[in-house]
Amino acid sequence: MTFDLRHVPFSRFGSYMAFSRLAGKPGVEDGLYLRSVHGGVAHQVLFRLEVIDDGTPIPFVEQASPTLLRLAAAQGDIEICMPEQGMIRIRGSKVGLRLSRHPLPTREGWVYDTVTRNSDCRWSVNVRAALRQYMVTALHGDITVDAPWNAMYCDHIQIDFQPGPDGAFECAVEEYRSSWQAHDTTDSFDTCVRAVEAEFAEWEAAQVDIPVSLSEARRMAAYVNWSCVVAPEGRLQRPTMYMSKNWMDNVWSWDHCFNALALVYKNPDLAWDQFMVMFDTQDEFGALPDYINDLEIVWNFFKPPIHGWTLRRMLERSDAITNEQLAEAYGPLSRWTNWLTSYRDMDGDGLPEYNHGNDSGWDNATVFAHGVPIEAPDLAAFLVYQMDVLADVAQQLGKPAEADEWHRRADDLLALMLSAFWRGDHFVTRHAHTHQDIQSESLLPFMPIVLGRRLPEDVIRHLVAGLTQEGRFLTGHGVATEVPSSPYYQADGYWRGPIWAPSTMLIVDGLNAVGEVELARDLSRRFSAMVARSGMAENFDAFTGDGLRDRAYSWTSSVFLILAHDYCGEME
């Protein structure tokens with residue numbers, strides 16, 4: 001399997017470094033780059049890579065696979081492997097490699113790029129804008145460094161690795177924060193490649209089984225998820241699967257749920273890490289942040305409380321979750337639920353509110369087109385579900401009184417949700433405070449289908465009819481997030497039209513729960529076929545099925561694996 005570095009970065013499990021081909025980026029010349037995905041960096045770009053022949057850049061093409069990146073030129077080639085999370089090994093035959101960067105300001109506006117010589121074959125590059133330092137070492141062949149000093153920084157940095165008399169060179173690039181400690185580089189390049197191949201093969205084998213016709217997409221999904229993981233560092237206390245190592249290089253407070261669910265079948269320990277990683281940063285009030293990375297925690301928004309739904313689905317798919325783990329999750333999940341009912345119900349009517357589209361995860365959905373805050377049935381439904389799960393967990397942990405209280409609260413909120421939002425044949429959202437209905441053709445009000453048989457039969461019947469009504473949400477590839485005839489519909493409109501993995505997953509799960517098994521299978525097959533053709537994109541054009549926005553998105557990989565495993569059977 002190979003992939004295009006314009007869309008899918010070359011990286012590895014645990015690493016904060018990634019290789020990408022960048023084109024059309026402001027201030028960045030088109031080319032192949034080594035990038036940083038650490039949080040808070042002023043600039044992700046670390047070095048531009050060029051293949052050189054006798055000091056002159058020459059054309060080359062990239063050939064990227066999960067474990068090896070090859071730069072092929074007419075005169076020779078270069079191979080790149082990442083044997084460890086902070087280490088890159090490179091070798092070349094008959095050609096050389098140039099690493100270059102031009103000084104970029106920090107957030108404070110100063111430029112501090114500095115190169116210092118450690119030995120004849122080893123130089124340290126201090127990249128203040130990336131908050132890290134990089135040791136570059138010539139293991140074989142020659143190294144030359146051009147980095148003229150200009151009072152506070154190097155005017156530019158150019159590091160050339162040239163072949164020795166045998167026509168070959170090898171080098172290493174190591175990332176470090178404050179103090180460099182030498183890695184063992186005695187293993188041959190081929191040994192490093194074989195070790196990474198074995199590691200990825202073990203990871204790939206631990207992914208769920210899906211139809212043979214989707215095996216190539218399964219491999220890509222496995223790679224995207226494997227390569228999206230970063231090591232515990234800073235704010236991250238666990239191995240954490242980022243959404244992407246393109247530009248969505250954070251973990252958001254609902255995205256992580258889908259990744260946990262995809263891993264729980266065969267990798268329950270890492271799945272539990274993904275589920276709990278956001279709760280590690282829960283504040284004293286019970287809130288979960290909008291997103292985190294190794295440096296930052298952002299509190300300006302929240303994300304929908306699908307955590308109870310996720311926990312129940314994880315328990316259904318694995319026997320490995322222990323009572324100790326349930327006890328670990330019960331308190332934080334309770335506080336998260338109580339925060340939403342206590343701190344996001346400003347009008348005191350018992351229905352929590354979204355203060356921005358970002359809170360819902362549907363950032364620009366048309367239910368937010370005419371102002372905020374709003375009250376929405378999906379938020380209430382997720383909380384009803386979460387309270388039901390908390391009741392079950394409390395009962396299992398020997399807390400019957402708390403279980404009864406959670407059941408009571410769930411029943412009361414469900415009754416209030418139906419009274420406030422149901423209009424006889426459809427759900428609406430409404431403005432908080434005035435409680436006026438919002439006119440919208442968004443898919444968001446259909447999300448209460450996740451409650452399954454908790455909903456009255458007539459509600460279920462109308463929701464299913466609304467989802468399948470000809471000319472509305474259903475397309476050849478799945479369920480659009482805005483009715484295509486809506487004046488707000490945009491083919492690449494983010495949550496105003498495109499098909500998304502999380503909305504598909506939640507609707508499929510809800511349809512299955514109400515007995516619409518064949519419809520759930522049909523939507524799963526449409527989505528899976530689209531992903532197999534178009535890749536692990538952030539979202540998809542509802543009519544063409546083409547991938548949109550970020551093209552190496554882990555929650556898409558995760559939902560693809562779940563739906564293909566649970567619903568697809570053998571596909572033609």
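1. Is isoleucine 52 buried or exposed? At 0% relative accessibility, isoleucine 52 counts as buried, where buried means under 20% relative accessible area, exposed over 50% and partly exposed in between, with a 1.4 Å probe and protein chains only. The model is predicted, so that local features need pLDDT of at least 70 and side-chain atom pairs count only at pLDDT 80 or more, while totals for chains, interfaces and linings use all residues. Residues are numbered from 1 along each chain as its sequence is written, and side-chain values use heavy atoms, with hydrogens and water left out.

2. Isoleucine 52 lies in strand S3 (residues 45-53); helices (H or I, at least four residues) and strands (E, at least two) are DSSP runs numbered from the N terminus. Leaving aside residues up to four places away in sequence, isoleucine 52 touches Pro57, Ile58, Val95, Gly96, Leu97, Arg98, Asp160, Phe161 and Gln162, a contact being heavy atoms within 4.5 Å. Its C-alpha atom is separated by 5.6 Å from that of leucine 97, which is 45 residues apart from it along the chain.

3. Zero disulfides are found in a search of the whole structure, a disulfide being a pair of cysteine sulfur atoms within 2.5 Å. For cysteine 192, the closest cysteine sulfur is in cysteine 81, at 5.7 Å, which is too far for a bond. Cysteine 257 is likewise in no disulfide, with the nearest cysteine sulfur, that of cysteine 228, 17 Å away. Cysteine 192 is buried, with a relative accessible area of 7%, and cysteine 257 is buried, with a value of 0%.

4. The whole structure holds 32 aromatic pairs, where rings of Phe, Tyr and Trp (its six-membered ring) pair if their centres lie within 6.5 Å, and planes under 30 degrees apart count as stacked, over 60 as edge-to-face and the rest as tilted. Phenylalanine 258 and tryptophan 555 form an edge-to-face pair, at 5.8 Å centre to centre and 85 degrees between the planes. This pair links distant parts of the chain, 297 residues apart, with phenylalanine 258 in helix H3 (residues 255-263) and tryptophan 555 in helix H13 (residues 554-568). Both phenylalanine 258 and tryptophan 555 are buried, and they belong to one aromatic cluster whose members include Trp254, Trp309 and Trp362.

5. Phenylalanine 302 and tryptophan 336 also form an edge-to-face pair, at 6.2 Å centre to centre and 75 degrees between the planes. Phenylalanine 302 and tryptophan 336 are both buried.
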